Amino acid sequence: MLTLDKVYHAAYVLKECARKTDLIAAPLLSADGGLYLKTENLQVTGSFKLRGAYYKISQLSDEEKSRGIVACSAGNHAQGVALAASKKNIASTICMPDSAPVMKVESTKRLGANVELVNGAYDDAHDRAVQLVNETGATFIHPYDDDYVIAGQATIGLEILDQLEDVENVIVPIGGGGLISGIAFAIKSLKPSVKIFGVQAAGAPSMFNSFKNHQRESLASVSTFADGIAVKNPGETTFEIISRYVDDIVCVSEDEIAAAILALIEKQKLIAEGAGAVSVAAAMFRKLPIDSQKTVCIISGGNIDVNILSRVITRGLVMTGRNVNLTIELIDKPGQLQEVSEIIARCGANVVSVYYDRGDTNMAITSCFLKLALETKDSEQIQLIKDKLTESGFKIVTERV
């Protein structure tokens, strides 16, 4: 059973390997202020997962250690298990979905684990890990549905109460539910007045559905770039704890997650992966009733592939009105481009590419399409540009990202 004694013991054990991550104010991330970030993206291995993995492995018997360990993970739990196993001189095999970011796979290998890539999503990797356990007799280190793992994650709750005594809300990413289960249990046990909110990606709402319908529900598939929380089957133990201690769960879109990652980079100089940024996305886009209250967002991880990061930044720029493509119908005569450019310049935007299209069959013979890519400040500036162009007699055909 999960107990406070077990959580406090986990905090003692974790002094060997995990750091007490900073809690930093982030007033620029919401109009009302009051936001704080618990920076688990700066944890050893770049994720909170080390806490639960290390504590679980530290409690294994000598016999269990001798048989080796097996785990399944989309990446962060894998690195936590690999590091913990290496420190304890235990052989480890990690089953990872073949869609896991290359960076996470390679990092897991560097930490000493044997990695087996499995076709499909996290849950397919889980099935393969269970098969290996049955074949080899190794000990399975579950990423979330285990009391010792949950107790390890719960140490974050103890740290939050120590770092911000008057905290009013805590927003936590949810995949299988181990992180929010631990945090909710620890905080609600010590300070019941604090609200605990969970956040899932809209493309992987397994715990959201389960929580709202008061029964565990699995998904046929998941679709989100937030691979750390792309879980089809919510945990049994975690669902029970969440049902008892969590106040509400909401979902955020892919665009909202991308915008949150971009905001963390620009305003806080922090890198978060998709799963790690969903808590900030929920706060930024007002998904929860937290106005002006002291609210902690858990940044659960920062292990994002640089190729994905570049795409996410582009999506975030579009989402926040920083990039836009306009197609304008012109009469094909001298001076038109100059006039359009002057209007855009007066509005304060920057043209980054220009393309003349004279061959579109949808236009008049004497016309052309002017396709512009612009860097803008926000959505209001985009609307200003469109209004000024229209006032000057130009016809905007399309606006796209």
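This is a predicted model: local features need pLDDT of at least 70, side-chain atom pairs count only at pLDDT 80 or more; totals for chains, interfaces and linings use all residues.
Trainee: Let's start with Ile 94. Which element holds Ile 94?
Mentor: Strand β4, residues 92–97.

Trainee: Is Ile 94 buried or exposed?
Mentor: Buried. Its relative accessibility is 0%, and the cut-off for buried is under 20%.

Trainee: What does Ile 94 touch, leaving aside neighbours within four places in sequence?
Mentor: Ala 71, Ser 73, Ala 78, Val 81, Thr 108, Ala 113, Asn 114, Val 115 and Glu 116. Ala 71 also stands opposite Ile 94 in the strand pairing.

Trainee: How far is Ile 94 from Thr 3?
Mentor: 28 Å in space, C-alpha to C-alpha. In sequence they are 91 residues apart.

Trainee: Back to the pairing. In which sense do β3 and β4 pair?
Mentor: Parallel, over four bridges.

Trainee: Which way do the β3 side chains point?
Mentor: Ile 69 and Ala 71 point one way, Val 70 and Cys 72 the other. All of them are buried.

Trainee: Which other strand is joined to β3, and by how many bridges?
Mentor: β6, residues 139–141, by three bridges. Those two strands run parallel. Val 70 has Phe 140 as its bridge partner in β6.

Trainee: Switching to helices. At what angle do α2 and α4 pack?
Mentor: About 40°, with the axes 8 Å apart. That makes α2 oblique to α4.

Trainee: Why quote both an angle and a distance?
Mentor: Because two packed helices are described by the angle between their axes and the distance between the axes.

Trainee: Is the α2 and α4 crossing left-handed or right-handed?
Mentor: Right-handed.

Trainee: Which residues meet there?
Mentor: From α2, Lys 49, Leu 50, Ala 53, Tyr 54 and Ile 57. On the α4 side, the list includes Asn 76, His 77, Gly 80 and Val 81. Val 81 is also in contact with Ile 94.

Trainee: What about Lys 56, buried or exposed?
Mentor: Lys 56 is in α2, residues 49–58. It is buried, at 13% relative accessible area. Beyond four places in sequence, it touches Phe 140, Ile 141, Asp 146, Tyr 148 and Val 149. Phe 140 is the β6 bridge partner of Val 70.

Trainee: New topic. What is the strand order in the six-stranded sheet?
Mentor: β1-β2-β10-β7-β8-β9. The sheet is open, and its pairing is mixed.

Trainee: Which strands stand at the edges?
Mentor: β1 (23–25) and β9 (248–252). Each has a single partner strand, so one side of each is left without a neighbour in the sheet. The twist averages 25° from one strand to the next.

Trainee: How do β7 and β10 pair?
Mentor: In the parallel sense, over three bridges. Asn 169 stands opposite Thr 295 in β10.

Trainee: Which helix lies across β7 and β10?
Mentor: α7, residues 147–163. It lies across β1 and β2 as well, running at about 135° to β2.

Note on methods:
Residues are numbered from 1 along each chain as its sequence is written. Side-chain values use heavy atoms; hydrogens and water are left out. Buried means under 20% relative accessible area, exposed over 50%, partly exposed in between (1.4 Å probe, protein chains only). Contact means heavy atoms within 4.5 Å. Two strands pair if DSSP finds at least two bridges between them. Axes are lines fitted to C-alpha atoms, for helices over the stretch in contact, and angles run from 0 to 180 degrees between N-to-C directions. Angles under 35 degrees count as roughly parallel, over 145 as roughly antiparallel, 65 to 115 as roughly perpendicular and the rest as oblique. A crossing is left-handed if the near helix is turned anticlockwise from the far one by less than a right angle, and right-handed if clockwise.
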